[in-house]
Structures are given as C-alpha cells and as structure tokens.
Amino acid sequence: MASITFHGAAQQVTGSCYLIETQQHRILLECGIRQGSDRREDEYERPFDFDPSSIDAVVISHAHLDHSGMVPLLVKRGFNGTVYASTVTHGLLPIMYRDAASLLRSDYERKNRRLLRAGKKQVEPPYTLEDVDLALDAITGIDYGRTEQILPEVKIRFRDAGHILGSAIVELWLNDGARERKLVFSGDLGNNCAPLLSDPESVKEADMLLLESTYGDRNHRPLEDTLEEFREVIETASSSGGKILIPAFAVGRTQDLIYWLGQLFHEGRLGSQRVFIDSPMAIRVSDVYERYHNLFNRDDPRFRKFMTQGWENWLPVLTYTESVEESMALNRFKEGAIIIAGSGMCTGGRILHHLKHNLWHRKTHVVFVGYQAEGTLGRKLVNGASMARIYGDDIAVKAQIHTLGSFSAHAGQDQLIDWARHFQPAPRVCLVHGEPDAMRALQHRIDNELQWDVTIPEIGDVVTL
Ligand code: ZN
C-alpha cells in the first residue's frame, strides 16, 4: 500500500515537499524551500526529515524555488537518483539554482565578515556553484503529455498547469503488483487571466488529488478593474514624480508585467515612465520564455501581435539592469521609473535596496502583484505595517501600498473549483499549499458543491492511498 507524508506546504504556502512511499520505492514530490522565516540560513541548516540517500526519484512541478530550491542540498546530502521535471522547467532550473547559489555566496561572505570581526570561526555556505552543477546533472526533462516509467512501480505524466512557463500538474501511477492507484498533484494552478500562458489543462481521473489552495478563500477582481487601478497608480506616480516599485518573481510575474506594461504603453497610458527590470536572472528567464514561445497561448489575438514584435519592441521604454552599479544608479534616477525586482515577497534580492531607499517617501508606490506569505516583509507591508526593518535599519513606511490581485499567477477560488470539478468519479482530496483560513474556506465549498471527502493534512501527517 502506498502512502504520502506531508513534509512541507501543509497549512502553509511555501516549502512544498511530499514523500510518497510504495512497497519498494520512495519518491519525493517537490523539494522546495520555506520562505518567510527571519533567517534564510536556518532553512538550509535544518536536516531533511528523511534520509536523502533513501530517496529513489524526485519529481518537481515547476521552477519556483519554494517547489524546487532544496534539490542542490538534497544532492549534496546524498541523494543520487534522478530528478524529473518538465522540459521547460529543466531549462529554467539552471538559472534559478545558479542565482540562488550566488545570493548564498554573498550572504555568507557578509556573515563571515561578521564572524571574523567577532573572532569566531568562519562557516561554509550550504551549497556552492559546484554543488549546483552536480544537481543539474541529475535532472531530466519530460515533455507535457508524455507518460514515463520512472521506476518499476511508478509512471508519471506532466500536464500544463498554466502558472509559469513549464509549470506542471503531475499525474502519478503507483502500482504495487496487486493494483494501481493514481495520484494527481495540481502543482500551482494558473490564473485564467494570465496573458501569456494557457489555462490549466483539465484532468479527469484520480484516486487521490493533492489540490493547491493559495486563494482558496477568495476570487480575484475582474482583470479590467485591476488594469484600470494599475493605470491610475501610474498616472498618480507620473504627476508626482514618485517611483513605482513592483516586487516580482523573476520567473512568470516579470514577463506578464512586461506584457501588461507594453499594452499600457501602446494605449499611451505610461506617460514618461521608464521601466527597469532590475534582475540579472530575469533577463535570462525572458530568453527562455522567448525560446519556448510555442507553448504560449497563441489563440489570444493580443498575443499574436506581441510575439511578432519581441519583448523590447513590445515595450520600448524597457531597460534591463544587470550589474550592481546599474542597479544602484536607479536610486539617483530622478524621472518617473517603474522598477521591477525580486524577490516577489521581499524576502531578499534587489527589491530590498529599492524599498530601503524609497519606502519612506510619500510619493513612492509599491505594487504587489503576487501572493505574500505569512511572515514575509511583503505580507507586513500589505497588512499596513508603519515601519519596516531592512538590512538592520528601521524604515518608516510612508509609501502608498497597492495589491493587484488579478495579476496573480494562482487560480482564484472559483477557478480552483472549476478545475477540480472535472474529476469523475470523486477523488479523495488533500488540500495543500495554502494558509489554514483559505483551506477551510475551500474545503467548505468543495463539501457543499461537490460533496467530496476533503482533508487538510498537517506537517508530518501520513495519508494512505
Ligand atoms: Zn509557483
């Protein structure tokens, strides 16, 4: 009999990690990093809840680090099987992991300078670029729709989840000789309003469904309202000369924003604003997006026009800032500027420098376009914090904070229900990747409308299939 142990993203939205055990094999579904703790290092220094060398295979749904970020450490600590991901995720992971390793290197250089000054022993970063290379060698890409026997008892298939490029819904067939059970993991399901990607593919059969529930308690506002709100923010900032800061994941959100800003530019609604993508990683990710544009939702007529022009032609006021010097020069930039930088939840990265320099100005606007997990600086700002602690300094929050939910890369409540409705007959459902209130609201709705059996596992719970 097969079982699943919930090691992460159970009643929380980050750190996805589920251990599936059959009679002979152990498969790790997701190996993500937890975000939102005050000390990022703690997460890496914590031992895994299982022995990495006992895992036979890893399956990753998409390239976001809260789903994939612990793989280099898993390999370093003894995992020596294969990591399966979709073909495009396989193309994105080298960018993600190398960026993460260089961020870690600078974090640890800073930490070691502090330790040295205190007369203490220096410490090694949790993993290095060399460890990343070893992890990348272990990854195999599989195209959407292809069924692959990954172990004698286990087959998998990826379907397009429409969340970011390469994101997948994972179908797993587990055969213990006597019978076959099918597990479907929704991964992160896309928002049907996303401009570049297709809607999540529907799946019809499952014995058990692991369903994400990030927005299990609410629907996004209509897209047109959100676009209008965005236009108004840009207009206000244009007339006051304030900067607009947009914390965004380099993968997915940033490319969607280029699309929307291009649309506003062509409508003549960008004014004199220039747009800066302040992320060396986003440049490389945008290249991957261009390389795989055949996967985009090409039925969309707005998009057909877009693709014939390319990113920079679509948005001529776009500048990528790659070096640290270029990034710092943005602080001195006096004209209107829209700065898009990571990390998406303000847990690190260049956005922190921009927040530190601009959060205390009344004319600054901070626009949140993605989910802000409990415990992150992003969540504190969305909740109206009046002070923010950034790199050891207390910064007064005078800026205007906006949340544009329809730009989210996650399905809203109705979209989750509509996607789940395709399963016939009813699967057993475990809700994952959500905060408790959102999960309970979704559980209640599924119970009311579909009369399905829904559980909300806690960290460490074991469910048999
Ligand atoms: Zn994601």
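Mentor: Begin with burial: a residue is buried under 20% relative accessible area, exposed over 50%, and partly exposed in between, using a 1.4 Å probe and protein chains only. This is a predicted model, in which local features need pLDDT of at least 70 and side-chain atom pairs count only at pLDDT 80 or more, while totals for chains, interfaces and linings use all residues. Residues are numbered from 1 along each chain as its sequence is written, and side-chain values use heavy atoms, with hydrogens and water left out.

Trainee: Is His 433 buried or exposed?

Mentor: His 433 has a relative accessible area of 3% and is therefore buried. Its phi is near 50°, a positive value in a residue other than glycine. His 433 sits in the loop between strand 20 and helix 15 (436–450). Helices (H or I, at least four residues) and strands (E, at least two) are DSSP runs, numbered from the N terminus.

Trainee: Which value does phi of Gln 11 take, and where does Gln 11 lie?

Mentor: Gln 11 has a phi near 60°, again positive in a residue other than glycine. The loop between strand 1 (3–8) and strand 2 (17–21) holds Gln 11. With a relative accessible area of 27%, Gln 11 is partly exposed.

Trainee: How do I read a helix, and what is the case for helix 6?

Mentor: Start with length: the expected span is 1.5 Å times one less than the number of residues. Helix 6 (residues 223–240) has 18 residues and spans 26 Å from its first C-alpha to its last, close to the 26 Å expected. Then consider direction. An α-helix has 3.6 residues a turn, so residues three or four places apart point the same way. In helix 6 the buried residues are Leu 223, Thr 226, Leu 227, Phe 230, Arg 231, Val 233, Ile 234 and Ala 237. Viewed down the axis, these buried residues fall within an arc of 160°, so they line one face of helix 6; the arc is that of the directions from the helix axis to the C-beta atoms.

Trainee: What covers the buried residues of helix 6?

Mentor: Cover is judged by contact, meaning heavy atoms within 4.5 Å. The cover of helix 6 includes strand 12 (244–247), helix 7 (253–266), strand 15 (337–341), strand 16 (365–368) and strand 19 (400–403). Just after helix 6, Gly 241 takes a positive phi of about 80°.

Trainee: Which residues of helix 8 are buried?

Mentor: They are Met 281, Ala 282, Ile 283, Val 285, Ser 286, Val 288 and Tyr 289. Helix 8 (residues 280–291) has 12 residues and reaches 18 Å between its first and last C-alpha, close to the 16 Å expected. Its buried residues are covered by elements including helix 4 (87–117), helix 7 and strand 13 (274–277).

Trainee: How is a metal site read, and what are the protein donors of the zinc ion?

Mentor: Donors are N, O and S atoms within 2.8 Å of the metal (3.2 Å for Na, K and Ca); water is not among the atoms, so sites may look incomplete. Here the protein donors are His 62 (NE2), His 64 (ND1), His 163 (NE2) and Asp 188 (OD), lying 2.2 to 2.4 Å from the zinc ion. His 62 lies in the loop between strand 4 (57–59) and helix 2 (65–68), and His 163 in the loop between strand 8 (154–160) and strand 9 (168–175), so the pair ties together parts that are 101 residues apart in sequence. Both His 62 and His 163 are buried.

Trainee: Which arrangement do the 4 donor atoms make around the zinc ion?

Mentor: Four donors count as tetrahedral if all angles lie between 85 and 135 degrees; four count as square planar and six as octahedral if opposite donors are over 155 degrees apart and all others between 65 and 115; anything else is irregular. The 4 donor atoms subtend angles of 89 to 174°, which makes this arrangement irregular.

Trainee: How many disulfides does the structure hold?

Mentor: A disulfide is a pair of cysteine sulfur atoms within 2.5 Å, and the structure holds 0. For Cys 17, the nearest cysteine sulfur, that of Cys 31, is 5.4 Å away. Cys 17 counts as buried at 7% relative accessibility.

Trainee: Where are the cis peptide bonds?

Mentor: One joins Gly 342 and Ser 343, with omega about 5°. Another runs from Gln 424 to Pro 425, with omega near -10°. Pro 425 lies in the loop between helix 14 (413–420) and strand 20 (428–432).
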